Amino acid sequence: MIPDRFEYFVPKTVPEAVGLLQRYGPEAKLLAGGHSLIPLMKLRLAAPRYLVDLNRIPRLAYIEEDGAALRIGALTRHGDLEASDLVRARYPLLADAARVIADPLVRNMGTIGGSLAHADPAGDWGAVMLAARAEIVATGPRGARTIPIDGFFVDTFTSALEPDEILTEIRVPKPQRGGGGAYLKLERKVGDFAIAAVGVSLGLDGRGTCGEVGIGLCNVGPTSLRAKRAEGALQGQKPDDAAIARAAEAAATESDPVGDLRGPAEFKRDMVRVLTARALRLAVQRAKGGA
Amino acid sequence: MAQRISVTVNGTTHEAEVEPRLLFVHFIREVLGLTGTHIGCDTTNCGACTVLLDGRPVKSCTIFAVQADGRAVMTVEGLARDGALHPVQEGFHEKHGLQCGFCTPGMMMTAYALLQRNANPTEEEIRWGISGNLCRCTGYVNIVEAVKYAAEKVRSQPAAAGGRS
């Protein structure tokens with residue numbers, strides 16, 4: 001399968017890349033890991049006339065903590081997040097997700113920024129970042145701005161990025177004391193998109209009561225979804241079996257799957273319920289210092 | 001439209017004029033004539049086209065040749081040295097780690113990279129490591145045995161572990 005012809009640019013800086021987006025508008029596409037874009041180009045479902053390769057821009061791939069957040073450079077590969085000791089030690093929600101995205105070979109190329117900007121409801125990072133209450137940094141002609149994740153996913157394959165903006169960084173709030181997280185994915189086989197997946201982030205106070213709760217759902221709606229009523233069912237509650245069951249039921253109700261080759265909608269909705277309950281139990285266990 | 005690229009493959013630097021849309025696997029097979037790298041699914045699923053790009057195993061059907069400009073690549077042809085099989089190749093031979101052989105080059109490149117990182121992998125780590133490489137003959141049991149064999153050989157003879165990258 002041969003993609004259509006395109007003109008190829010290799011900018012050395014973000015402003016140079018933004019300039020190319022301004023010049024070529026919607027006929028230009030950004031190339032990060034390329035593991036969504038290139039398959040689409042080979043199938044000729046995408047045929048951009050101009051391809052702007054971000055891979056030669058220095059300092060776009062990093063994983064580091066500052067005072068408030070884990071800062072992840074947009075060009076960071078999934079495999080680098082999977083291998084990061086910092087992520088493994090302090091961000092279990094992210095660590096769980098990084099190791100189940102596609103397959104190990106794809107994870108060596110695919111990037112977190114590209115995955116989020118692609119805004120595929122089947123992208124694992126979307127559900128993770130909704131649960132983690134992340135912020136997206138977008139850089140355009142007027143500099144950088146921050147987009148709260150709740151406003152980022154507009155529709156299927158449509159994000160809040162302007163046509164001349166580049167997603168340059170993801171900021172994940174640092175874990176609170178008594179914090180825990182988990183990401184569970186049901187897939188037919190390694191490398192497939194999720195039948196359903198659920199990301200959870202929560203914090204327990206000294207009495208074992210849930211403070212902040214974040215729940216994100218993958219591939220069960222037109223976008224990555226935040227299960228707000230499920231979160232509300234746990235906030236201020238002790239995460240006992242009854243409260244977890246109520247939250248899991250709420251998440252299932254809030255999901256909006258369609259039946260396809262991965263199963264009928266009722267099945268997927270029920271898997272959201274099961275995965276939400278399991279992810280919550282695992283996150284609580286981790287918050288208490290286990291697992 | 002054509003762009004000049006310079007890519008070091010198995011230790012030899014090649015210069016070529018390529019169209020930007022040329023996929024890296026086509027560059028390897030058709031421009032360089034290194035047909036050991038196979039095209040299986042052509043849809044980023046099977047891993048038959050796996051090569052090492054700056055030491056990391058990637059699917060060469062999902063990269064443009066222009067992206068490899070200035071970088072170091074290793075293909076299956078880079079495994080053997082001076083006519084001697086690499087321990088990974090020897091393992092696939094000794095343990096019958098192939099049936100039709102189509103997935104084998106990609107499987108071996110992934111195994112090579114796995115052993116570079118971890119010369120003493122558990123069976124689960126091997127299975128996890130090759131989970132992006134599909135064997136349609138479902139010969140995974142012997143493939144895992146082959147990688148175990150190679151791991152032992154690499155541990156006992158570290159000098160044999162390198163290839164030509």
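The points below describe how helices pack in chain B.

1. The model is predicted, and local features need pLDDT of at least 70, side-chain atom pairs count only at pLDDT 80 or more, and totals for chains, interfaces and linings use all residues. Residues are numbered from 1 along each chain as its sequence is written, while chains are lettered from A and ligands numbered from 1 in the order in which they are written.

2. In chain B, helix α2 (residues 87-94) and helix α3 (residues 104-117) have axes that come within 9 Å and cross at roughly 125°. Helices are DSSP runs of H or I, at least four residues, numbered from the N terminus. Axes are lines fitted to C-alpha atoms over the stretch in contact, with angles from 0 to 180 degrees between N-to-C directions.

3. From α2(B), B:V88, B:Q89 and B:F92 make the contact with B:T104, B:M108, B:A111, B:Y112 and B:L115 of α3(B). Residues are in contact if their C-beta atoms, placed from the backbone, lie within 7 Å. Six residues of this contact are nonpolar, two are polar and none is charged.

4. The axes of α3(B) and helix α5 (residues 140-156) of chain B come within 11 Å and cross at roughly 40°.

5. B:M107, B:A111 and B:L115 in α3(B) meet B:I143, B:V147, B:A150, B:A151 and B:V154 in α5(B). This contact has eight nonpolar, no polar and no charged residues (Ala, Val, Leu, Ile, Met, Phe, Trp, Tyr, Cys and Pro count as nonpolar, Asp, Glu, Lys and Arg as charged, and the others, Gly among them, as polar).

Definitions and conventions. Helices (H or I, at least four residues) and strands (E, at least two) are DSSP runs, numbered from the N terminus. Two residues are in contact if their C-beta atoms, placed from the backbone, lie within 7 Å.
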